[in-house]
Amino acid sequence: MGILSFTKEIAIDLGTANTIIIHNDKIVIDEPSIVAIEKRTGKLKAVGRQAKLMQGKENDDIETIRPLRKGVIANFNAAEMMIRGLIKKASSKSNWFSPSMKMVVGIPSGSTEVEIRAVRDSSEHAGGRDVYMIYEPMAAALGIGIDVLAPQGNMIVDIGGGTTEIAVISLGGIVSNKSIQVAGDDLTDDIMEHMSRVHNVKVGERTAEQIKIHVGSALTELENPPEDYIVHGPNKMTALPMEVPVSYQEISHCIEKSISRIEAAVLQALDETPPELYSDIVMNGIFLAGGGAMLRGLDKRLTDKIGIQFHIAEDPLLAVAKGTGVALKNIETFSFLIR
């Protein structure tokens, strides 16, 4: 994917599961947040999609690392390598990659000062000269196309890989927010644990992710149910190969606890919302963004449970990235950007 002009301005949605980079209004990188490193030398072997292919298949000299856990940088060195590697990948011409880029980076709304500093340092070491940060629910709202500066309450529920961000936005600020560490990765963990406990079959992270994509559901009854997904793996006891069909009902039972925790957090955020903004939210509905928004039946389940209409963003996976891009173009307008 070739790039473009010499304006060295990029927007980054630094996600636990995926990292998206926008340059000149175009998504130039949308790849898994993972690096493969040579253990002996500490050198970067692969980044993004290529590193993901190596996950679970490493030899003694290669280690795959997901630098972000629960929405924050868990491995500083790997994070820097990943940001740098993905920016280089985006830049087809070596002279586009410059030591003085302007960056806007999305961060979880519950980030501490230390976590914000870690993102800033990683971004600066990867070539950012002016680094701005934006809270992810605010970016998601911009990406969905909400007028965040209006005197009106809007609620965003952004379910990513590591965190679920719930925020009420009005007049260009976050009025109330809740950031919980229950999100897509927890659903994947639930599925791994379930397959092991119920079917006696060992599945890795990648297979559990595939099960979630193919038959993940927040409801036990769906209007258009997906076909059962066939899982291949070793029997835990005998190590002999097994073939297990998995239904969406089964997965909806196994992820029930995690979904209930997200539900409870939304209710708590609503409880803390000032009454005038609450009535706006009832009128406008609540917007779902992030990969978790794509879980079958989630919008219907939340609508039925909470009694407010939930709308899935047009492109839930890209909402935060698009909003980060909008913020980059309007840096002067938005006072809520963190420097």
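**Helix H2**

I started with which residues of H2 are buried, meaning under 20% relative accessible area, with exposed being over 50% and partly exposed in between (1.4 Å probe, protein chains only). The buried residues of H2 are Ala78, Ala79, Glu80, Met81, Met82, Ile83, Gly85, Leu86, Ile87 and Ala90. Helices (H or I, at least four residues) and strands (E, at least two) are DSSP runs here, numbered from the N terminus.

A note on the source: this is a predicted model, where local features need pLDDT of at least 70, side-chain atom pairs count only at pLDDT 80 or more, and totals for chains, interfaces and linings use all residues. Residues are numbered from 1 along each chain as its sequence is written, and side-chain values use heavy atoms, with hydrogens and water left out.

I then checked the span of H2, which covers residues 76-90. Its 15 residues reach 21 Å from first C-alpha to last, close to the 21 Å expected at 1.5 Å a residue. The expected span is 1.5 Å times one less than the number of residues. What caps the N-terminal end of H2? Asn75 does, with a side-chain oxygen 3.3 Å from the backbone nitrogen of Asn77.

**Two enclosed helices**

I looked up H4 (residues 136-144) next and found seven of its nine residues buried, so H4 is largely enclosed by the rest of the structure. Those buried residues are Glu136, Pro137, Met138, Ala139, Ala140, Ala141 and Leu142. Just after H4, Gly145 takes a positive phi of about 105°.

H11 (residues 319-329) has eight of its 11 residues buried, so H11 too is largely enclosed by the rest of the structure. I listed Ala319, Val320, Ala321, Gly323, Thr324, Gly325, Ala327 and Leu328 as the buried residues of H11. Ser335 sits in the segment after H11, and at 71% relative accessibility it counts as exposed. I also took a distance for Ser335: Gly173 is 162 residues away in sequence, yet the C-alpha atoms are 8.9 Å apart in space.

**H5 against H6**

How do the axes of H5 and H6 cross? The axes of H5 (residues 184-199) and H6 (residues 205-215) come within 9 Å and cross at roughly 105°. The two helices are therefore roughly perpendicular to each other. For the record, axes are lines fitted to C-alpha atoms, for helices over the stretch in contact, and angles run from 0 to 180 degrees between N-to-C directions. Angles of 65 to 115 degrees count as roughly perpendicular, under 35 as roughly parallel, over 145 as roughly antiparallel and the rest as oblique.

I noted who makes the contact (heavy atoms within 4.5 Å). H5 brings Gly184, Leu187, Thr188, Ile191, Met192 and Met195, while H6 brings Glu205, Ala208, Glu209, Ile211 and Lys212. The residues of this contact divide into six nonpolar, two polar and three charged. In that count, Ala, Val, Leu, Ile, Met, Phe, Trp, Tyr, Cys and Pro are nonpolar, Asp, Glu, Lys and Arg are charged, and the others, Gly among them, are polar.

**Arg301**

Is Arg301 buried or exposed? Arg301, found in H10 (residues 298-306), is buried, with a relative accessible area of 11%. Its side chain makes a polar contact with the side chain of Glu263 at 2.7 Å. A polar contact is a pair of N or O atoms within 3.5 Å; within protein, one must be able to donate a hydrogen and the other to accept it, and residues adjacent in sequence count only if both atoms are side-chain atoms. Leaving aside neighbours within four places in sequence, I found Arg301 in contact with Ala218, Leu219, Glu256, Ile259, Ser260 and Glu263.

**Positive phi**

Most residues other than glycine have a negative phi. I wrote down Asn24, which has a positive phi of about 50° although it is not a glycine. Asn24 lies in the loop between strands E2 (18-23) and E3 (26-32) and is partly exposed at 34% relative accessible area. Leu171 also has a positive phi, near 50°. Leu171 is in the loop between strands E12 (164-170) and E13 (173-180), and at 59% relative accessibility it counts as exposed.

**Pro245**

Last entry: Pro245 is in strand E15 (residues 241-246) and is partly exposed, with a relative accessible area of 46%. Neighbours within four places in sequence aside, Pro245 is in contact with Asp228, Tyr229, Ile230 and Glu250.
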